[in-house]
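Student: I am new to this structure and should be grateful for a close look at one part, the interface. Could you please describe it in one connected account?

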Amino acid sequence: MNAGLHPVSRVAATAALLIVVAAALSSQTAQPPALSLLSREGRRAVPLALVNDQEFVALDDLAGAFQLTVREESLGAVTVSYKGKTIVLTPDQALASVGGRLVSLPAPPSRNGRRWLVPVEFISRALSLVYDTKLELRKPSHLLIVGDMRVPRVTVRYDALGAAGRLTLDATPRAPATVTQENEHLTIKFDADALDVPAVPLPSPPSTGLILGVRNVDATTMAVDLGPRFAGFRAANQPVDATMRLVIDLVAAQTDAPATAPPSPAPPQPTPPPDLPPSFGQTASAFRTIAIDPGHGGDDEGVKIPDGAKEKDLTLAIARRFKGAIEARLGLRVLLTRDDDRSVPVDERTSVANNNKADLFVSLHVNGSMRPGTQGASVYIAAFDRDAAQAAANHGERVPTFGGGSREIELVPWDLAQTRHLDQSSAFADMLEAALRGHVPLAAKPVDRAPLRVLESANMPAILVEMGYLTNPEQAKTIPSDAFQNAVVQALFEAVVKYRDTWSPGGTH
Amino acid sequence: MARRAAIAGTITAILFLAVLVFLAKRGPASARPSTPVAATGASPAAPPLPGRKIKARLFYVADDGGRLTSVERDVAYGEGVEAQAREIIAAQIAQAAEPLVSAIPRGTTLRAVFITKSGDAYVDLSREAKNAHPGGTINELLTVYTIVNALTANLPAVTAVQLLVDGKEVDTLAGHVDLRRPLAKNLTWVQ
């Protein structure tokens with residue numbers, strides 16, 4: 001793949017550390033940082049020069065790294081050749097001719113003594129068109145990736161959640177990570193070839209005593225230094241578009257002393273509904289994670305009424321209240337399938353729950369009817385026809401095992417994952433119906449079964465709740481109100497508490 | 001006079017024989033034009049006799065808005081299951097006269113109906129079925145089961161129905177009901 005990179009390979013042995021530390025270099029010298037070339041063979045640095053605030057690279061250095069031939073023609077033009085393909089540069093012109101095709105450059109080539117300098121963009125705009133291996137220039141990171149390497153850009157964020165805390169590491173493109181605790185730090189190992197991460201991943205570590213900082217360890221590993229108040233953690237990978245989001249929830253040890261510093265900025269949390277039961281704290285239950293799915297979003301507005309509320313906005317508002325109540329009062333982990341006004345494919349909604357091993361999936365919706373008098377909340381669980389249920393039950397397959405032999409594993413089609421959880425879904429639906437009954441109007445048949453797309457793939461107990469009818473003039477006024485939304489959240493909260501208290505890992509009640 | 005009577009008798013006999021031959025070719029279903037069609041497979045469509053009707057159960061939104069209600073209506077006769085299915089769906093998606101309320105989005109038209117040998121019907125509706133859908137789980141369930149039940153309740157040869165929109169498979173009409181496979185008759189959505 002990198003046949004033209006022998007010079008790179010010669011320095012491979014000395015380039016064990018692939019993490020890009022361009023930012024640190026930049027702070028140490030007035031010179032621009034070097035450009036880091038990353039390939040399978042290792043890493044090498046190519047010097048950069050600043051000319052009129054533009055970053056330039058010497059053609060000689062590129063020639064050495066990429067086996068290019070650079071020649072100055074009699075008319076002043078400079079040709080750069082690679083395997084019979086030619087790039088022509090003309091002094092004083094911010095252009096390059098690549099096989100007869102003109103590409104623009106941010107500045108003309110510049111001569112420095114006997115060396116020709118070209119803007120660093122020459123690599124991505126011109127050289128990449130003739131080179132036979134993929135070249136990806138990440139200018140902000142001063143990184144040039146040669147070949148198909150997995151080098152996710154990693155950003156780190158810390159949010160204080162009361163006494164607890166949450167570290168969020170976004171890796172783009174997606175690269176899942178594993179987290180292990182080793183003495184007084186957490187080790188985060190990414191499934192990647194290298195990382196594109198600032199030299200100081202978390203410039204302002206919180207002073208809450210949970211963590212002391214985040215640092216780079218080696219090419220694909222980071223570490224979180226733990227503080228004296230750290231008591232435990234939970235970690236999960238969650239795909240979000242092209243990003244793999246690693247969420248590490250940090251649990252604080254019980255202490256009488258309050259945190260000495262104010263919490264760092266946290267995502268806005270809605271006011272918890274009034275009259276919540278007393279805090280339940282952590283329990284021995286292994287019930288940990290709830291996925292909340294605010295229905296619709298983006299172009300899909302759901303039910304809407306002229307000059308009135310839209311279902312997509314109501315479901316998101318109630319989901320945020322529900323999340324706030326669960327996190328603040330139960331300390332459970334809550335995943336939202338969307339936290340803004342965007343369209344989310346149905347399969348992605350259940351992916352969030354399945355991939356994070358959620359223990360419960362709650363999809364929030366607002367109903368609509370052709371009859372304006374129809375009103376009341378209803379709870380749905382998935383319905384499957386007999387053939388589908390049998391298909392789900394008959395998906396066993398034998399696979400070879402290490403050391404010989406084989407064993408049977410259970411395979412359930414994605415579309416039929418919910419078939420294994422219908423009893424528990426039904427149990428939670430009944431609990432939610434009972435809880436809703438005391439707070440909001442109920443539909444004529446408050447619990448029902450239907451072939452609902454978003455529930456079928458959920459590999460955990462799952463329900464869809466229609467909280468009321470926007471097409472009912474009276475409910476169209478009340479559903480957007482704080483009082484109604486708090487009442488729904490109160491009912492959801494009570495049902496979750498009851499369900500959690502009867503939950504067991506085996507799924508029986 | 002006797003000659004005119006003989007001619008009239010001959011013409012009557014010829015007409016009678018023609019009717020007998022016609023009925024013999026059409027089979028028993030055509031002999032009971034007011035009963036639901038129970039054809040056993042797709043057959044080439046033929047133009048129906050003008051004005052010929054069958055009785056069919058059609059479905060509309062019940063007064064409570066949460067279920068369907070069924071009414072018996074005269075529907076144009078169709079030759080063969082597919083032709084009859086087209087007539088039933090055409091009647092079902094036509095604008096409902098008050099006080100009936102249809103669960104089919106306004107402007108929806110029928111593009112085609114196909115029926116497999118195994119009894120799965122594919123009903124291809126125009127894009128209004130999706131684009132003009134008012135949303136809501138109940139609305140969508142009632143839209144879907146209006147079509148599913150209209151065919152499965154009236155045509156025993158049809159056991160399940162899959163909705164297509166604009167000639168293509170769709171996941172859902174409004175984000176809720178799974179339309180990726182044929183749905184069987186479900187009268188729990190009917191009062």
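**The interface between chain A and chain B**

Tutor: Across the interface of chain A and chain B, the rule finds 18 residue pairs in polar contact, both residues at pLDDT 80 or more. A polar contact is a pair of N or O atoms within 3.5 Å; within protein, one must be able to donate a hydrogen and the other to accept it, and residues adjacent in sequence count only if both atoms are side-chain atoms. The pLDDT is the predictor's confidence in each residue, from 0 to 100. This is a predicted model, in which local features need pLDDT of at least 70 and side-chain atom pairs count only at pLDDT 80 or more, while totals for chains, interfaces and linings use all residues. Residues are numbered from 1 along each chain as its sequence is written, chains are lettered from A and ligands numbered from 1 in the order in which they are written, and side-chain values use heavy atoms, with hydrogens and water left out.

Chain A gives 26 residues to the contact and chain B gives 28, where contact means heavy atoms within 4.5 Å. The area buried between the chains is about 2100 Å², with 49% of it from carbon and sulfur atoms; buried area is the accessible area (1.4 Å probe) that two parts lose on being put together, summed over both. On the side of chain A, A:Met370, A:Arg371 and A:Arg453 lose the most area to chain B, together 33% of what that side buries.

The rule also finds seven salt bridges across the interface, each a side-chain nitrogen of Lys or Arg within 4 Å of a carboxyl oxygen of Asp or Glu. A:Asp415 and B:Arg180 meet through their side chains in a salt bridge, at 3.2 Å from N to O. Strand 24 (360-367), strand 28 (442-450), helix 9 (453-456) and strand 29 (462-469) of chain A each give two or more residues to the side that touches chain B. Helices (H or I, at least four residues) and strands (E, at least two) are DSSP runs, numbered from the N terminus. Strand 28 of chain A supplies the largest share of that side, four residues. By class, the side comprises ten nonpolar, seven polar and nine charged residues; Ala, Val, Leu, Ile, Met, Phe, Trp, Tyr, Cys and Pro count as nonpolar, Asp, Glu, Lys and Arg as charged, and the others, Gly among them, as polar.

A:Gly302 also deserves attention. Leaving aside neighbours within four places in sequence, A:Gly302 is in contact with A:His296, A:Glu311 and B:Pro134. A:Gly302 lies in the loop between strand 22 (289-294) and helix 5 (311-330) of chain A. The residue is buried, with a relative accessible area of 13%; buried means under 20% relative accessible area, exposed over 50%, and partly exposed in between (1.4 Å probe, protein chains only). The C-alpha atoms of A:Gly302 and A:Lys312, ten residues apart along the chain, are separated by 5.9 Å.

The model scores ipTM 0.75 and pTM 0.56. For chain B, the mean pLDDT is 82, and 74% of its residues reach 70 or more. Over residues 19-46 of chain B, however, the pLDDT is below 50, and this stretch has 38 contacts in the model beyond near neighbours in sequence. Where pLDDT is low, the predicted coordinates should not be read in detail.
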